[in-house]
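User: Hi, I have a model open and would like to go through how its parts pack together. Could you take me through it slowly?

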Amino acid sequence: MKGAARPPSLVLPHAGEADSVGGDDWREAGRRLFAGRCDFFFAAARSDGLPPAGAPEVAFAGRSNVGKSSLINALTGRNGLARTSRTPGRTQELIFFDLDGKATLVDMPGYGYAAVSKAKSASWGRLARDYLRGRPTLLRVFVLVDGRHGLKESDHETMKLLDASAVSYAVVLTKRDEVKAAEQSERVARTREALRKHVAAYPEVLFTSARNGEGIAELRAHVARLLAERRASRD
């Protein structure tokens, strides 16, 4: 299902050389990056129906009801951009959003919901695998994990798929506001230790809350740095 036409590509706000910019500068670059327009432009239910590769892409994967849509809305500052639902497993397509011509955000179908039929689950799995293995513009996948519970077996299965596909990914814990402050550091440390077993995993873990905005600036900065590094590698 095709949406509105994309605007022409714009230049990422310049934040200096990737290795010399400080944390505050990256947060400012991230703020400016996500302050621009962000619009839906494509939905794909089949791997042969993906939009042409264009701007660098970052994708968001996670178990159903992990809060993917809420996090994308919080990142972009638009409450109604990504569709949220109380019904797990509702998103059945790859949803593409244009971030002001500078990047593409991809909302991947949720996984790990028992009530979804095996046939539909297998179909979603094929779509995800085909996308991950054949998308040259994909910079990183953010694997969202419910911070209240930590990594589940389905998360490890997804990360093994990413390892096998040689796709760089980072774990983002969600629902930080529902985890006691005294337990947050341990949750991050435990997750980081688990990532040592996964060859394509980025070693750092972000802990976010779409509800109160904790960790959102850091995630925006992470994306801004990714884009700057991609641009520097091509200069």
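User: Which elements do the buried residues of helix 1 pack against?

Analyst: Keeping in mind that this is a predicted model, the buried residues of helix 1 pack against helix 2 (68-76), strand 3 (94-99), strand 4 (103-107) and helix 6 (216-234).

User: And which residues of helix 1 are buried?

Analyst: They are Trp26, Ala29, Gly30, Leu33 and Phe34. These residues cover an arc of only 120 degrees around the axis, which puts them on the same side of helix 1. On the other side of helix 1, Asp24 and Ala35 are exposed.

User: Why would residues that are three or four places apart point the same way?

Analyst: An α-helix has 3.6 residues a turn, so residues spaced three or four places apart point the same way.

User: What span should helix 1 have, and how far apart are its end C-alpha atoms?

Analyst: Helix 1 has 13 residues (residues 23-35), and at 1.5 Å a residue they should span 18 Å, which agrees with its end C-alpha atoms being 18 Å apart.

User: Okay, back to packing. At what angle do helix 1 and helix 6 pack?

Analyst: The angle is about 90 degrees, and the axes of helix 1 and helix 6 are 7 Å apart. Because angles of 65 to 115 degrees count as roughly perpendicular, helix 1 is described as roughly perpendicular to helix 6. Among the residues that make the contact are Trp26, Arg27 and Phe34 of helix 1, together with Ala217, Glu218 and Leu227 of helix 6. Sorted by class, the contact of helix 1 with helix 6 has ten nonpolar, one polar and four charged residues.

User: How do helix 2 and helix 6 pack, in terms of angle and axes?

Analyst: Helix 2 and helix 6 pack at an angle of about 80 degrees, with their axes 10 Å apart, and that makes helix 2 roughly perpendicular to helix 6. The contact is made by Leu71, Ala74, Leu75 and Thr76 of helix 2 on one side, and by Ile216, Leu219 and Arg220 of helix 6 on the other. By class, this contact of helix 2 with helix 6 has five nonpolar, one polar and one charged residues.

User: New topic: is Thr191 buried or exposed?

Analyst: Thr191, which is found in helix 5 (residues 181-195), has a relative accessible area of 3%, so Thr191 is buried.

User: What is Thr191 in contact with, leaving aside its neighbours within four places in sequence?

Analyst: With those neighbours left aside, Thr191 is in contact with Leu151, Val171, Leu173 and Val205.

Terms used:
Residues are numbered from 1 along each chain as its sequence is written. This is a predicted model: local features need pLDDT of at least 70, side-chain atom pairs count only at pLDDT 80 or more; totals for chains, interfaces and linings use all residues. Side-chain values use heavy atoms; hydrogens and water are left out. Helices (H or I, at least four residues) and strands (E, at least two) are DSSP runs, numbered from the N terminus. The expected span of a helix is 1.5 Å times one less than its number of residues. Buried means under 20% relative accessible area, exposed over 50%, partly exposed in between (1.4 Å probe, protein chains only). The arc is that of the directions from the helix axis to the C-beta atoms. Contact means heavy atoms within 4.5 Å. Axes are lines fitted to C-alpha atoms, for helices over the stretch in contact, and angles run from 0 to 180 degrees between N-to-C directions. Angles under 35 degrees count as roughly parallel, over 145 as roughly antiparallel, 65 to 115 as roughly perpendicular and the rest as oblique. Ala, Val, Leu, Ile, Met, Phe, Trp, Tyr, Cys and Pro count as nonpolar, Asp, Glu, Lys and Arg as charged, and the others, Gly among them, as polar.
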